[in-house]
Amino acid sequence: MKINKNILLNNKANIIYGISLAFLLFFLKWLELRFIIFSHSYEIYIGLIAVLFTALGIWLALKLSKPKIETVIIEKEIYIEKPETFVPNTSLISELELSKRELEVLALLAKGSSNQEIASQLFVSLSTVKAHNQNLFEKLDVKRRIQAVEKAKRLNIIP
């Protein structure tokens, strides 16, 4: 404690000088602020109005852009009874001009066989299977194997 009092007493002039400079600096900044406010009050007023309208515009845009309808997705299991015996849609098969080999490839695709497995089961080359796949995709107007199988099942081409 005694050391702190000695430091304060020895540096009393420096401390008073520093505090007076701080007050003087505060006073000068206050005068400068008053000068800016009085001489540029019109610009400050316009700036505040611009900030207010910008904030109001952003708030209004966010409020109006939110959808008013809430979409709720409900998933339910639907049981579809399939007939015991499958009857292919022969008129559609002839309309799409699907060959017997393409139907075989499509049935193997539905079972989940790869191109190599299909080639070995049908005793054809891999490029032949790929050509049949491309023909099927073109005739069924799809881009992928899964889409081809789904569309063929939907159209009653395969079971």
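Glu104 is partly exposed, with a relative accessible area of 31%; partly exposed lies between buried, under 20% relative accessible area, and exposed, over 50% (1.4 Å probe, protein chains only). This is a predicted model, in which local features need pLDDT of at least 70, side-chain atom pairs count only at pLDDT 80 or more, and totals for chains, interfaces and linings use all residues. Residues are numbered from 1 along each chain as its sequence is written, and side-chain values use heavy atoms, with hydrogens and water left out.

The structure holds 3 salt bridges, a salt bridge being a side-chain nitrogen of Lys or Arg within 4 Å of a carboxyl oxygen of Asp or Glu.

| Salt bridge | N to O distance |
|---|---|
| Lys29 and Glu32 | 3.6 Å |
| Arg101 and Glu104 | 2.9 Å |
| Glu102 and Lys139 | 2.9 Å |

Glu102 lies in helix α5 and Lys139 in helix α7, so this pair ties together parts that are 37 residues apart in sequence. Helices are DSSP runs (H or I, at least four residues), numbered from the N terminus. Glu102 is buried at 4% relative accessibility, whereas Lys139 is partly exposed at 29%. Arg101 and Glu104 are 3 residues apart in helix α5, and therefore about one helical turn separates them. Arg101 is partly exposed at 32%. Lys29 and Glu32 are likewise 3 residues apart, in helix α2 (residues 12-39), about one helical turn.

The largest nonpolar core has 21 residues, and Leu106, Leu109, Ile118, Leu140 and Ile157 have the most contacts inside it. Two or more residues of this core come from each of α4 (90-96), α5 (100-110), α6, α7 (126-140) and α8 (145-154). A nonpolar core is a set of buried Ala, Val, Leu, Ile, Met, Phe, Trp, Tyr and Cys residues joined through side-chain atoms within 4.5 Å. Beyond its neighbours within four places in sequence, Leu140 is in contact (heavy atoms within 4.5 Å) with Leu96, Leu106, Ala148, Lys151 and Ile157.

Asn115 lies in helix α6 (residues 115-122) and is buried at 18% relative accessibility.

A nonpolar surface patch of about 1000 Å² includes Tyr42, Phe53 and Trp59, and Trp59 lies in helix α3 (residues 41-65). Patches are made of residues with over 30% relative accessible area and no salt bridge, with like charges joined within 9 Å and nonpolar side chains (Val, Leu, Ile, Met, Phe, Trp, Tyr) within 5 Å. Accessible areas come from the Shrake-Rupley method with a 1.4 Å probe; for residues, only the protein chains shown count as cover.
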